[in-house]
Amino acid sequence: MTWDWGAVADFMPRFWDGLLVTLQILVLGSLISFALGLVWALLMRTPTRWVRWPVGVVTEFIRNTPLLVQLFFFFYVLPEWGLTWSALTTGVCAIGLHYSTYTMQVYRAGIEAVPAGQWEAATALNLPVRHTWTAVILPQAIRRVVPALGNYVIAMLKDTPILMSITVLELLGEARLFSQQNFQFTEPLTVIGVAFILIAYPASLLVRALERRLVR
Amino acid sequence: MKDPDASANPPVDGSELIRFDHVTKRFGSNTVLDELDFSVESGKHVTLIGPSGSGKTTILRLLMTLAKPDEGTITVAGDKLFPAPEKQVREVRKKIGMVFQQFNLFPNMSVLRNITEAPVTVLGMSKDEAEARARELLDMVGLADKCDARPTQLSGGQQQRVAIARALAMRPQVLLLDEVTSALDPELVAGVLDVLRDIARTTDITMLCVTHEMNFARDISDQVLMFDSGRVIESGVPEKIFNDPEKDRTREFLSAVL
């Protein structure tokens, strides 16, 4: 086996295309998982069982079934119901939804970690419930969970190649395509492996730094 | 019984402001308050003393609606606080402020914002007006230079003085003080008690105070209520309770804490 720098150079244009798609998935998927996870967490705090129960069942179901199965379901079944999205949109929504069932647990822990005294002080000041959430509880809860959310972003980065299975050409998809066309596997796969490390490792250092700063 | 329409007239000094009728509060099988009747007159400073677990703090928590009684009625300035619909509870609760043992300042806000948050959102005060008032209050508690500090940058005594300013910013008629110096280092207690003495002397606010600082209780109280097992077993002016209590139980308690 020999290393061919020429193959690396040939792969690079596709690499950049793939990197762009991977980062798109990561950013949009993260935003969906952050927002939706918070919605789930708040719905699980409502007093009515009729809200908590269905939300609990659905999120438990999504968390405990494989992402790959969900991707196939969204990609092949939803169009039968008339919902036709591009592969990328489908993938981003599926991965965001999947991860939202994890981030909801992170938010829940963060909300529960806010001392009861904060709620009591808000009641004593007659603050409306909604305002207590937005001005007192959530700012404290979210600050505490930023590092944990960051860890899920890194985990999601490592899950992005699964989207290849529904024809999304992210890093691994581009590498495979290049390999099959040129019969050169070593170079493209090594290049994207290095790329994953170059993104994930600094990101994990950033998460650790945030942990030191934000979690008291 | 009070006329339900009496709320239309603001209470004058000396009229009944707080009234508990047959209030019972249980936690599981433990009866903390047992058909308690008591009332507090407007402008008075009342101290609740008694062994821990005798229900003193529960009274403050019921008044602040942090807990609900199992039975009985609670009336504030002629309006029902319990039982009452949520909307009325919110109105009646505006008359009450509370300072907690653990301060409970909002750590995500500056000192100034801690004080202005409720006046702006609940009373609809303008930001400028609320800030001007907050600065006055901070000056009163000796912390005029701490406006922009975060609560975590302050000592416990300073945090508690901010908490007092925060409660007063809502202009409550009643101030509930729940063991406000118990969590403080000994050298910080005096500063907080001095602020409270000042407030007791210079305002007509009604104070309901649970404390283990007997000298402070003697100083500021118009009336002392001795609790035991969820009932008031003795009440009177501080001179009477502290110097010449009638009940053996009171004498025992005082000799243990003094």
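**Strand β8 of chain B and its surroundings**

Reply: Start with one pair: L177(B) has C209(B) as its bridge partner in β8(B). The chain then crosses from β7(B) through helix α6 (residues 186–202) of chain B to β8(B), a right-handed β-α-β crossover. Right-handed is defined by the view: with the strands pointing away from the viewer, the path from the first strand over the helix to the second runs clockwise. Helices (H or I, at least four residues) and strands (E, at least two) are DSSP runs, numbered from the N terminus.

Me: Before we go on, what am I looking at, and how is it labelled?

Reply: This is a predicted model; local features need pLDDT of at least 70, side-chain atom pairs count only at pLDDT 80 or more, and totals for chains, interfaces and linings use all residues. Residues are numbered from 1 along each chain as its sequence is written, while chains are lettered from A and ligands numbered from 1 in the order in which they are written.

Me: How many bridges join β7 (residues 174–178) of chain B to β8(B)?

Reply: Two strands pair if DSSP finds at least two bridges between them. Here, five bridges join β7(B) to β8(B), and the two run parallel. Strand β3 (residues 45–49) of chain B also runs parallel to β8(B), joined by four bridges. One partner pair there is H45(B) with M207(B).

Me: Which residues of β8(B) lie on one side, and which on the other?

Reply: In a regular strand the side chains alternate between the two faces of the sheet. In β8(B), T206(B), L208(B) and V210(B) are on one side, with M207(B) and C209(B) on the other. Both faces are covered. Five of the five residues of this strand (206–210) are buried. Buried means 20 or more other C-beta atoms within 10 Å of the residue's own; exposed means 12 or fewer, and partly exposed is in between, with C-beta atoms placed from the backbone.

Me: Which residues have the most contacts inside the largest nonpolar core?

Reply: A nonpolar core is a set of buried Ala, Val, Leu, Ile, Met, Phe, Trp, Tyr and Cys residues joined through C-beta atoms within 7 Å. The largest one has 112 residues. L63(B), M98(B), A165(B), L176(B) and L177(B) have the most contacts inside it. Its largest share, ten residues, comes from helix α1 (residues 5–43) of chain A.

Me: What does A165(B) touch?

Reply: Two residues are in contact if their C-beta atoms, placed from the backbone, lie within 7 Å. Leaving aside neighbours within four places in sequence, A165(B) contacts I115(B), L137(B), L138(B) and V141(B).

Me: Is A41(A) buried or exposed?

Reply: Count its neighbours. A41(A) has 25 C-beta neighbours inside 10 Å, so it counts as buried. A41(A) belongs to helix α1 of chain A. Beyond four places in sequence, its contacts are M104(A), Y107(A), R108(A) and I111(A).

Me: How many residues does each chain give to the contact between them?

Reply: Chain A gives 14 residues and chain B gives 19. On the side of chain A that touches chain B, α5 (116–124) and α6 (129–159) of chain A are the elements that give two or more residues. The largest share, six residues, comes from α5(A). That side divides into seven nonpolar, six polar and one charged. Ala, Val, Leu, Ile, Met, Phe, Trp, Tyr, Cys and Pro count as nonpolar; Asp, Glu, Lys and Arg as charged; the others, Gly among them, as polar.

Me: How many helices and strands are in chain B?

Reply: Chain B has nine helices and ten strands. Its radius of gyration is 18 Å, close to the 18 Å that the globule rule gives for 258 residues, so chain B is as compact as a globular protein of that length. The radius is taken over C-alpha atoms, and the rule is 2.2 Å times the number of residues to the power 0.38. Buried residues make up 43% of chain B.

Me: And chain A, how many helices and strands?

Reply: Chain A has eight helices and zero strands. Of its 216 residues, 31% count as buried. Its C-alpha trace spans about 70 × 45 × 25 Å along the principal axes.
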